[in-house]
Amino acid sequence: MTTNPRPYTHALNRLKEAGLRPTRQRLALARLLFDNGHRHITAEQLHSDAMSQNIKVSLATVYNTLHQFTEAALLNEIVIDSGRSYFDTNTAPHYHFYCEEDGMLSDIPAEAVQLARVPNMPRGTELASVDLVFRLRRQSARSAA
């Protein structure tokens, strides 16, 4: 006989594995983030999702939780510009397309991009990661012809 896991089991296990205390708000936000596959989300979008699910949480708490999850390697933060960051639940190495008109962020598999040359690192440093975002603009009808 198989039993269905409790709704918070996946989120609870993710938080415990990351060494984070599973508070009520962390559990609720983790469930929104991790229970339905990979996604790119802003703090404002997650806050809106939480409110629509009757999860009482402030926007400041959402920001704090997202940054805690990022520090615990549960998320990656993709900074688009000084006023826009996305949080990515896919922490495996990969890159992104960003559409400037609609704000859509989509994954590019790491193997689809080849870096021909990486510059020499300054003395005493090593490469930690490479963040690569291809910024896209829709072609106007005139320029597409």
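Predicted model: local features only at pLDDT ≥ 70, side-chain atom pairs only at ≥ 80, totals over all residues.
**Entry 1: the pocket**

Residues are numbered from 1 along each chain as its sequence is written, and side-chain values use heavy atoms, with hydrogens and water left out.

Which residues lie nearest the centre of the largest pocket? I found Asn76, His94, Ser129, Val130 and Asp131 there, out of 16 lining residues. Strand E2 (76-81) and strand E4 (94-99) are the elements that give two or more residues to this lining. I took strands as DSSP runs of E with at least two residues, and helices as runs of H or I with at least four, numbered from the N terminus.

I noted a volume of about 310 Å³ for the largest pocket, a volume being the space filled by probe spheres set on the grid points, which are joined across faces, edges and corners. By class, its lining has seven nonpolar, six polar and three charged residues. Here Ala, Val, Leu, Ile, Met, Phe, Trp, Tyr, Cys and Pro count as nonpolar, Asp, Glu, Lys and Arg as charged, and the others, Gly among them, as polar.

**Entry 2: Val79**

Next I looked up Val79, which sits in strand E2. Is Val79 buried or exposed? Its relative accessible area is 52%, so Val79 is exposed (buried means under 20%, exposed over 50%, partly exposed in between, with a 1.4 Å probe and protein chains only).

**Entry 3**

I then traced an open sheet of three strands in the order E5-E4-E6, with mixed pairing. Its edge strands, E5 (105-109) and E6 (133-136), each pair on one side only. Two strands pair if DSSP finds at least two bridges between them; E4 and E5 have five, in the antiparallel sense. His96 stands opposite Asp107 in E5.

**Entry 4: the whole chain**

Last, I listed five helices and six strands, running α-α-β-α-α-β-β-β-β-β-α from the N terminus. The C-alpha trace spans about 55 × 45 × 40 Å along its principal axes. Buried residues make up 28% of the 145.

Conventions: 1 Å grid on protein atoms, 1.4 Å probe; cavity = no way out; pocket = protein on both sides within 12 Å on 5 of 7 lines; lining within 4 Å.
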